[in-house]
Amino acid sequence: MRSEARIIDANANRASEGLRTLEDIARFALDNAGLSERAKRARHGLAGLLDALPLPASLRITVRDTPGDVGTGIRTAREGQRIGLGSVAAAAAARTAQAVRTIEETAKSIGSVDPGFESLRYEVYEIERLVRTGLIPASAQWSLCVLITESLSREGDWERVARAAIAGGADCLQLREKSLPDRTLLARARRLRAIASESPGRTDGASVVSVIINDRPDIALLAGADGVHVGQGDLSPADVRAVAGAGMPVGVSTSSFEEARAAMATGASSVGLGPMFPTTTKRKDAIAGPEYLRAFLADEDLAVLPHLCIGGISTSNAGELVAVGARGLAVSSAVCGADDPEEVCRALRGIVDAGRGA
């Protein structure tokens, strides 16, 4: 029974350490007393299951041979890489679940079949989900986001569009410029941030209107933007935060239910849904349409994510999306190319607010 005792002892320590890591993240990073207590109960539950094994606790201690353990010197490159606390939580949970499974299987060889180990594994999965979800930086649920692009703006006057959008009720401005040199892009991002900060009623320099930077976490960080938005072929949310910091909200463009699920699983703070209608701004092979929005909102996990419907949206069709349940719209050419961007924004914002009962 010596070999079994060594296996169980090593994995008991591994599982306990992993649960303590999850407990401390819930306690100190999330300030979530209930979740911290839940992880603590799981840790104590593990101790109870171990005590019930037909294996003297003293034997686990006496067979322990850390200096002679051939596995203590084995390392992988991934063990030294953690991108934020979400990565730490994922590693701790995986280590815990694997260790509990090893204990469970080894215990069977000494005549113990306790369903409590299986239940504990399922509890670890749920604790991981709650911890990692809690670590995702929150994003606002904007009502109206205007994508600012100079080439789509009348006479290239993007500042006019930005100010008009704010005056018309837009609560988010996303800077989308794919071809500007880096220094010019940074200067524009900073200028857009300043315009948002100058919104009426704010004198402390903080944005009433959020500013999001398309694709570029480095620019977002340097400009003090409120978030980054990426497409399917761009950096993942984890990679964005490796550049811009763990607290950076990241939105992800999605065109299907599967892409939305993947975005949520990889730490998206919000999602773009589209294209809702045919659009000339950005070529798409297929139109997701309002049916995609309906499927998104019907999923209880996805529905809680802040979202923006995008693609071909105008004052003539926005009501169709709001009737399905859209909580936010993102528009580009319909505002940037308008004779009166402020009036278009006011009309779109009114449609969204009416749908919300505001």
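Colleague: In this predicted model, what separates Tyr122 and Tyr125 in helix 5?

Modeller: About one helical turn, because Tyr122 and Tyr125 are three residues apart in helix 5, residues 116-135.

Colleague: Is Tyr122 buried, partly exposed or exposed? And Tyr125?

Modeller: Tyr122 is partly exposed, at 47% relative accessible area. Tyr125 is also partly exposed, at 37%.

Colleague: Which residue lies over the face of Tyr122?

Modeller: Arg121 does, at 5.7 Å from the ring centre.

Colleague: Now the interior. Where do nonpolar side chains tend to go in soluble globular proteins?

Modeller: They tend to be buried together. In this model, the largest nonpolar core has 59 residues. Val146, Leu173, Cys309, Leu321 and Leu329 have the most contacts inside it.

Colleague: Which helix gives the most to this core?

Modeller: Helix 7, residues 182-197, with six residues.

Colleague: What is Leu321 in contact with, leaving aside neighbours within four places in sequence?

Modeller: Met276, Phe277, Pro290 and Leu293 are on the list.

Colleague: How many residues are in the second core?

Modeller: That separate core has 32 residues, including Leu19, Ile25, Leu53 and Ile110.

Methods. Residues are numbered from 1 along each chain as its sequence is written. This is a predicted model: local features need pLDDT of at least 70, side-chain atom pairs count only at pLDDT 80 or more; totals for chains, interfaces and linings use all residues. Side-chain values use heavy atoms; hydrogens and water are left out. A nonpolar core is a set of buried Ala, Val, Leu, Ile, Met, Phe, Trp, Tyr and Cys residues joined through side-chain atoms within 4.5 Å. Buried means under 20% relative accessible area, exposed over 50%, partly exposed in between (1.4 Å probe, protein chains only). Helices (H or I, at least four residues) and strands (E, at least two) are DSSP runs, numbered from the N terminus. Contact means heavy atoms within 4.5 Å. A charge sits over a ring if NZ of Lys or CZ of Arg is within 6 Å of the ring centre and within 35 degrees of the ring normal.
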